[in-house]
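Me: Could you take me through how the helices pack in this model, and what sits around the ligand? I'd like to hear what each label rests on.

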Amino acid sequence: MTLVMGIVNVTPDSFADGGLYARADAAVARGLALASDGADLVDVGGESTRPGAERISLEEEQARVLPVIRELAAHGIGVSIDTMNAATARAAVEAGASIVNDVSGGLADPAMGATVAALDVDFVCMHWRAHSTHMDASDRYDDVVAEVRDELDARVAALVAAGVGEGRIVLDPGLGFAKVTDSNWPLLARMDEWSRGRRVLVGGSRKRFLGAAIARATSASSPDGTTASSLVEAPGPDDREAATIALTALAAAAGAWGVRVHEARGSADAVRVASAWNNAAHAQG
Ligand code: PMM
(Lines give C-alpha, C1' and ligand atoms only; values in the text may rest on other atoms or scores of the structure.)
Protein backbone atom coordinates (compact mmCIF):
# COMPACT_ATOMS: atom_id res chain seq x y z
CA MET A 1 0.00 0.00 0.00
CA THR A 2 1.19 3.52 -0.79
CA LEU A 3 2.87 5.18 2.19
CA VAL A 4 1.66 8.51 3.52
CA MET A 5 4.54 10.82 4.41
CA GLY A 6 3.35 13.72 6.57
CA ILE A 7 5.20 17.03 6.30
CA VAL A 8 6.66 18.95 9.22
CA ASN A 9 8.37 22.12 8.05
CA VAL A 10 10.33 23.56 10.98
CA THR A 11 10.61 26.85 9.11
CA PRO A 12 9.24 30.35 9.40
CA ASP A 13 8.43 30.62 5.68
CA SER A 14 7.10 27.50 3.86
CA PHE A 15 4.41 28.18 1.29
CA ALA A 16 1.62 26.05 2.73
CA ASP A 17 2.25 26.04 6.47
CA GLY A 18 4.81 28.83 6.89
CA GLY A 19 5.69 29.60 10.48
CA LEU A 20 3.15 27.31 12.10
CA TYR A 21 5.67 24.76 13.33
CA ALA A 22 8.82 26.84 13.68
CA ARG A 23 9.22 25.96 17.38
CA ALA A 24 10.47 22.47 18.24
CA ASP A 25 7.62 21.61 20.59
CA ALA A 26 5.01 22.69 18.05
CA ALA A 27 6.81 20.72 15.34
CA VAL A 28 6.93 17.57 17.48
CA ALA A 29 3.24 17.93 18.33
CA ARG A 30 2.50 18.32 14.61
CA GLY A 31 4.47 15.15 13.78
CA LEU A 32 2.63 13.18 16.45
CA ALA A 33 -0.73 14.45 15.17
CA LEU A 34 0.18 13.47 11.60
CA ALA A 35 1.11 9.97 12.78
CA SER A 36 -2.13 9.57 14.70
CA ASP A 37 -4.01 10.79 11.58
CA GLY A 38 -2.48 7.95 9.57
CA ALA A 39 0.94 9.12 8.38
CA ASP A 40 3.33 6.17 8.00
CA LEU A 41 6.34 8.50 8.01
CA VAL A 42 7.05 12.09 8.99
CA ASP A 43 9.31 14.22 6.78
CA VAL A 44 11.13 16.88 8.80
CA GLY A 45 12.69 19.86 7.02
CA GLY A 46 14.41 22.99 8.30
CA GLU A 47 15.07 24.87 5.09
CA SER A 48 12.23 26.29 3.02
CA THR A 49 12.26 25.48 -0.68
CA ARG A 50 9.39 27.76 -1.64
CA PRO A 51 10.01 29.70 -4.85
CA GLY A 52 12.35 32.59 -4.09
CA ALA A 53 13.46 31.26 -0.67
CA GLU A 54 17.02 32.10 0.45
CA ARG A 55 19.40 29.48 1.86
CA ILE A 56 20.10 29.20 5.59
CA SER A 57 23.27 28.06 7.42
CA LEU A 58 23.95 24.43 8.32
CA GLU A 59 23.94 25.38 12.00
CA GLU A 60 20.52 26.98 11.71
CA GLU A 61 19.12 24.04 9.75
CA GLN A 62 20.38 21.47 12.25
CA ALA A 63 19.25 23.50 15.26
CA ARG A 64 15.75 23.44 13.77
CA VAL A 65 15.46 19.77 12.79
CA LEU A 66 17.59 17.64 15.13
CA PRO A 67 15.56 18.08 18.36
CA VAL A 68 12.37 17.35 16.43
CA ILE A 69 13.80 14.21 14.82
CA ARG A 70 15.14 12.90 18.16
CA GLU A 71 11.76 13.32 19.80
CA LEU A 72 9.69 11.81 16.98
CA ALA A 73 12.08 8.85 16.64
CA ALA A 74 11.84 8.31 20.41
CA HIS A 75 8.08 7.93 19.90
CA GLY A 76 8.74 5.16 17.39
CA ILE A 77 7.77 7.27 14.36
CA GLY A 78 9.58 6.67 11.06
CA VAL A 79 11.30 9.93 10.12
CA SER A 80 12.79 11.22 6.90
CA ILE A 81 15.03 14.27 6.76
CA ASP A 82 14.30 16.82 4.04
CA THR A 83 17.72 18.35 3.35
CA MET A 84 20.12 19.22 0.54
CA ASN A 85 23.12 19.10 2.90
CA ALA A 86 25.14 15.92 3.48
CA ALA A 87 26.23 17.02 6.97
CA THR A 88 22.61 17.53 8.00
CA ALA A 89 21.63 14.19 6.47
CA ARG A 90 24.30 12.46 8.55
CA ALA A 91 23.36 14.25 11.78
CA ALA A 92 19.68 13.53 11.16
CA VAL A 93 20.25 9.80 10.65
CA GLU A 94 22.34 9.76 13.82
CA ALA A 95 19.39 11.44 15.55
CA GLY A 96 17.01 8.71 14.35
CA ALA A 97 15.94 9.45 10.77
CA SER A 98 15.80 6.46 8.44
CA ILE A 99 15.33 8.15 5.04
CA VAL A 100 17.16 11.06 3.41
CA ASN A 101 14.91 13.19 1.20
CA ASP A 102 16.97 15.54 -0.97
CA VAL A 103 15.01 17.88 -3.23
CA SER A 104 18.17 18.38 -5.30
CA GLY A 105 18.71 14.63 -5.80
CA GLY A 106 22.30 15.03 -4.60
CA LEU A 107 23.11 17.93 -6.93
CA ALA A 108 23.33 20.70 -4.34
CA ASP A 109 25.99 19.03 -2.18
CA PRO A 110 28.66 16.91 -3.91
CA ALA A 111 29.18 14.96 -0.66
CA MET A 112 25.58 13.70 -0.53
CA GLY A 113 26.05 10.48 -2.54
CA ALA A 114 28.99 9.15 -0.52
CA THR A 115 27.31 10.19 2.73
CA VAL A 116 24.08 8.35 1.93
CA ALA A 117 26.08 5.33 0.75
CA ALA A 118 27.89 5.19 4.10
CA LEU A 119 24.66 5.71 6.08
CA ASP A 120 22.98 2.89 4.09
CA VAL A 121 19.50 4.44 4.23
CA ASP A 122 16.80 5.02 1.59
CA PHE A 123 17.34 8.14 -0.51
CA VAL A 124 14.60 10.17 -2.18
CA CYS A 125 16.13 11.57 -5.35
CA MET A 126 13.96 14.43 -6.56
CA HIS A 127 14.16 16.02 -10.00
CA TRP A 128 15.63 19.51 -9.54
CA ARG A 129 17.29 22.07 -11.72
CA ALA A 130 18.09 25.08 -9.58
CA HIS A 131 17.86 26.59 -6.12
CA SER A 132 14.56 28.23 -5.16
CA THR A 133 15.67 31.70 -6.21
CA HIS A 134 15.93 30.48 -9.82
CA MET A 135 13.58 27.52 -10.09
CA ASP A 136 10.59 29.08 -11.80
CA ALA A 137 12.87 30.40 -14.56
CA SER A 138 14.15 26.84 -15.08
CA ASP A 139 10.75 25.62 -16.30
CA ARG A 140 11.93 25.20 -19.91
CA TYR A 141 11.34 21.85 -21.60
CA ASP A 142 10.87 20.60 -25.14
CA ASP A 143 9.65 17.26 -23.77
CA VAL A 144 9.24 17.36 -20.00
CA VAL A 145 8.85 13.60 -19.52
CA ALA A 146 11.93 12.68 -21.55
CA GLU A 147 14.06 15.41 -19.96
CA VAL A 148 13.05 14.55 -16.40
CA ARG A 149 13.68 10.85 -17.18
CA ASP A 150 17.17 11.60 -18.53
CA GLU A 151 18.07 14.01 -15.72
CA LEU A 152 16.92 11.52 -13.06
CA ASP A 153 18.83 8.73 -14.82
CA ALA A 154 21.98 10.86 -14.63
CA ARG A 155 21.43 11.42 -10.91
CA VAL A 156 20.88 7.70 -10.29
CA ALA A 157 24.08 6.88 -12.18
CA ALA A 158 26.06 9.40 -10.10
CA LEU A 159 24.56 8.11 -6.84
CA VAL A 160 25.29 4.50 -7.71
CA ALA A 161 28.84 5.48 -8.69
CA ALA A 162 29.17 7.07 -5.22
CA GLY A 163 28.15 3.75 -3.65
CA VAL A 164 24.41 4.16 -3.05
CA GLY A 165 22.56 0.85 -3.51
CA GLU A 166 20.20 1.01 -6.51
CA GLY A 167 17.41 -0.44 -4.40
CA ARG A 168 17.83 2.39 -1.89
CA ILE A 169 16.78 5.04 -4.41
CA VAL A 170 13.24 6.43 -4.60
CA LEU A 171 12.51 8.79 -7.52
CA ASP A 172 10.41 11.94 -7.22
CA PRO A 173 9.34 14.09 -10.20
CA GLY A 174 9.77 17.30 -8.19
CA LEU A 175 6.29 18.71 -8.74
CA GLY A 176 6.42 22.51 -8.68
CA PHE A 177 10.22 22.58 -8.83
CA ALA A 178 11.22 24.14 -12.16
CA LYS A 179 7.66 23.23 -13.18
CA VAL A 180 5.24 26.10 -12.91
CA THR A 181 1.90 24.53 -13.87
CA ASP A 182 1.44 22.60 -17.12
CA SER A 183 4.75 20.73 -16.83
CA ASN A 184 3.51 18.79 -13.80
CA TRP A 185 0.63 16.82 -15.34
CA PRO A 186 2.49 14.82 -18.01
CA LEU A 187 4.91 13.65 -15.31
CA LEU A 188 2.01 12.33 -13.25
CA ALA A 189 0.07 10.85 -16.14
CA ARG A 190 3.15 9.16 -17.63
CA MET A 191 4.88 8.03 -14.42
CA ASP A 192 5.98 4.69 -15.85
CA GLU A 193 7.95 6.38 -18.63
CA TRP A 194 10.42 8.05 -16.26
CA SER A 195 10.27 5.74 -13.23
CA ARG A 196 10.55 2.43 -15.11
CA GLY A 197 9.88 0.21 -12.12
CA ARG A 198 11.62 2.26 -9.44
CA ARG A 199 9.78 3.40 -6.32
CA VAL A 200 8.12 6.81 -6.75
CA LEU A 201 7.29 9.53 -4.24
CA VAL A 202 4.66 12.09 -5.32
CA GLY A 203 4.85 15.46 -3.56
CA GLY A 204 2.02 17.55 -4.95
CA SER A 205 0.31 18.53 -1.71
CA ARG A 206 -1.33 21.98 -1.96
CA LYS A 207 0.97 23.09 -4.77
CA ARG A 208 0.18 25.80 -7.32
CA PHE A 209 -0.58 23.42 -10.19
CA LEU A 210 -3.43 21.92 -8.12
CA GLY A 211 -4.79 25.38 -7.43
CA ALA A 212 -4.70 26.12 -11.16
CA ALA A 213 -6.49 22.86 -11.98
CA ILE A 214 -9.41 23.52 -9.64
CA ALA A 215 -9.82 27.23 -10.40
CA ARG A 216 -13.38 27.96 -11.40
CA ALA A 217 -15.09 30.89 -12.96
CA THR A 218 -17.13 32.86 -10.46
CA SER A 219 -19.70 35.53 -11.16
CA ALA A 220 -19.39 38.95 -9.61
CA SER A 221 -22.29 41.38 -9.67
CA SER A 222 -21.78 45.10 -9.86
CA PRO A 223 -23.24 47.14 -6.95
CA ASP A 224 -26.45 47.95 -8.83
CA GLY A 225 -27.01 44.24 -9.40
CA THR A 226 -27.39 44.57 -13.15
CA THR A 227 -24.17 43.22 -14.65
CA ALA A 228 -22.22 40.08 -13.90
CA SER A 229 -18.65 39.42 -14.90
CA SER A 230 -16.72 36.21 -14.75
CA LEU A 231 -13.54 35.95 -12.71
CA VAL A 232 -11.27 32.94 -12.49
CA GLU A 233 -10.08 32.39 -8.94
CA ALA A 234 -7.29 29.96 -8.13
CA PRO A 235 -7.82 28.70 -4.55
CA GLY A 236 -4.97 29.32 -2.08
CA PRO A 237 -2.96 26.52 -0.40
CA ASP A 238 -5.50 25.95 2.40
CA ASP A 239 -8.27 25.40 -0.16
CA ARG A 240 -6.35 22.74 -2.08
CA GLU A 241 -6.82 19.88 0.39
CA ALA A 242 -9.61 18.09 -1.49
CA ALA A 243 -7.54 18.32 -4.68
CA THR A 244 -4.57 16.92 -2.76
CA ILE A 245 -6.63 13.94 -1.59
CA ALA A 246 -7.79 13.32 -5.17
CA LEU A 247 -4.16 13.40 -6.29
CA THR A 248 -3.26 10.90 -3.57
CA ALA A 249 -5.97 8.51 -4.77
CA LEU A 250 -4.73 8.72 -8.35
CA ALA A 251 -1.07 8.38 -7.35
CA ALA A 252 -1.90 5.33 -5.23
CA ALA A 253 -3.91 3.81 -8.09
CA ALA A 254 -0.89 4.37 -10.36
CA GLY A 255 1.30 2.44 -7.91
CA ALA A 256 3.26 5.24 -6.21
CA TRP A 257 5.43 4.10 -3.30
CA GLY A 258 4.51 7.19 -1.29
CA VAL A 259 2.79 10.58 -1.21
CA ARG A 260 4.18 13.57 0.67
CA VAL A 261 1.30 15.56 2.21
CA HIS A 262 0.54 18.33 4.70
CA GLU A 263 -2.56 16.59 6.14
CA ALA A 264 -2.53 12.83 6.67
CA ARG A 265 -6.11 11.82 7.33
CA GLY A 266 -7.71 12.34 3.92
CA SER A 267 -4.71 10.95 2.06
CA ALA A 268 -4.55 7.89 4.35
CA ASP A 269 -8.24 7.26 3.52
CA ALA A 270 -7.61 7.78 -0.21
CA VAL A 271 -4.75 5.29 -0.16
CA ARG A 272 -7.05 2.70 1.41
CA VAL A 273 -9.80 3.33 -1.11
CA ALA A 274 -7.32 2.89 -3.98
CA SER A 275 -5.96 -0.25 -2.35
CA ALA A 276 -9.43 -1.81 -1.97
CA TRP A 277 -10.13 -1.00 -5.63
CA ASN A 278 -6.82 -2.49 -6.80
CA ASN A 279 -7.29 -5.61 -4.70
CA ALA A 280 -10.67 -6.26 -6.29
CA ALA A 281 -9.19 -5.72 -9.75
CA HIS A 282 -6.49 -8.30 -9.07
CA ALA A 283 -8.91 -10.77 -7.45
CA GLN A 284 -11.02 -10.62 -10.64
CA GLY A 285 -8.06 -11.26 -12.93
N1 PMM B 1 8.29 19.56 -2.02
C2 PMM B 1 8.65 20.45 -1.08
C3 PMM B 1 9.65 20.14 -0.14
N4 PMM B 1 10.24 18.92 -0.14
N5 PMM B 1 10.47 16.77 -1.07
C6 PMM B 1 10.12 15.88 -1.99
N7 PMM B 1 10.73 14.66 -2.02
N8 PMM B 1 9.17 16.13 -2.94
C9 PMM B 1 8.53 17.33 -3.00
O10 PMM B 1 7.69 17.53 -3.90
C11 PMM B 1 8.88 18.32 -2.03
C12 PMM B 1 9.87 18.00 -1.07
C13 PMM B 1 8.00 21.80 -1.07
O14 PMM B 1 6.78 21.76 -0.41
P15 PMM B 1 6.61 22.21 1.14
O16 PMM B 1 7.27 23.56 1.27
O17 PMM B 1 5.17 22.28 1.38
O18 PMM B 1 7.27 21.20 2.02
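Me: How do you know which hand the crossing of α2 past α3 has?

Reply: α2 passes α3 in a right-handed crossing. The label is right-handed if the near helix is turned clockwise from the far one, and left-handed if it is turned anticlockwise by less than a right angle. Helices here are DSSP runs (H or I, at least four residues), numbered from the N terminus. Please keep in mind that this is a predicted model, where local features need pLDDT of at least 70 and side-chain atom pairs count only at pLDDT 80 or more, while totals for chains, interfaces and linings use all residues. Residues are numbered from 1 along each chain as its sequence is written, and side-chain values use heavy atoms, leaving out hydrogens and water.

Me: What angle do α2 and α3 make, and what is that called?

Reply: The axes of α2 (residues 58–74) and α3 (residues 86–94) cross at roughly 20° and come within 10 Å. That makes α2 roughly parallel to α3, because angles under 35 degrees count as roughly parallel. Axes are lines fitted to C-alpha atoms over the stretch in contact, with angles from 0 to 180 degrees between N-to-C directions.

Me: Which residues make that contact between α2 and α3?

Reply: From α2 come L58, E61, Q62, V65, L66 and I69, and they meet A87, T88, A91 and A92 in α3. Contact means heavy atoms within 4.5 Å. By class, the contact of α2 with α3 has seven nonpolar, two polar and one charged residues.

Me: What is the arrangement of α3 and α4 called?

Reply: α3 and α4 (residues 112–119) pack at an angle of about 15°, with axes 9 Å apart. That makes α3 roughly parallel to α4. The contact brings A86, A89, R90 and V93 of α3 to M112, T115 and L119 of α4.

Me: And how do α1 and α2 pack?

Reply: α1 (residues 24–36) and α2 have axes 9 Å apart, at an angle of about 35°. α1 also passes α2 in a right-handed crossing.

Me: Which residues come nearest to the ligand?

Reply: Of the 17 residues around the ligand, N101, D172, K207, R260 and H262 come nearest. To be around it, a residue needs one heavy atom within 4 Å.

Terms used: Helices (H or I, at least four residues) and strands (E, at least two) are DSSP runs, numbered from the N terminus. Angles under 35 degrees count as roughly parallel, over 145 as roughly antiparallel, 65 to 115 as roughly perpendicular and the rest as oblique. Ala, Val, Leu, Ile, Met, Phe, Trp, Tyr, Cys and Pro count as nonpolar, Asp, Glu, Lys and Arg as charged, and the others, Gly among them, as polar.
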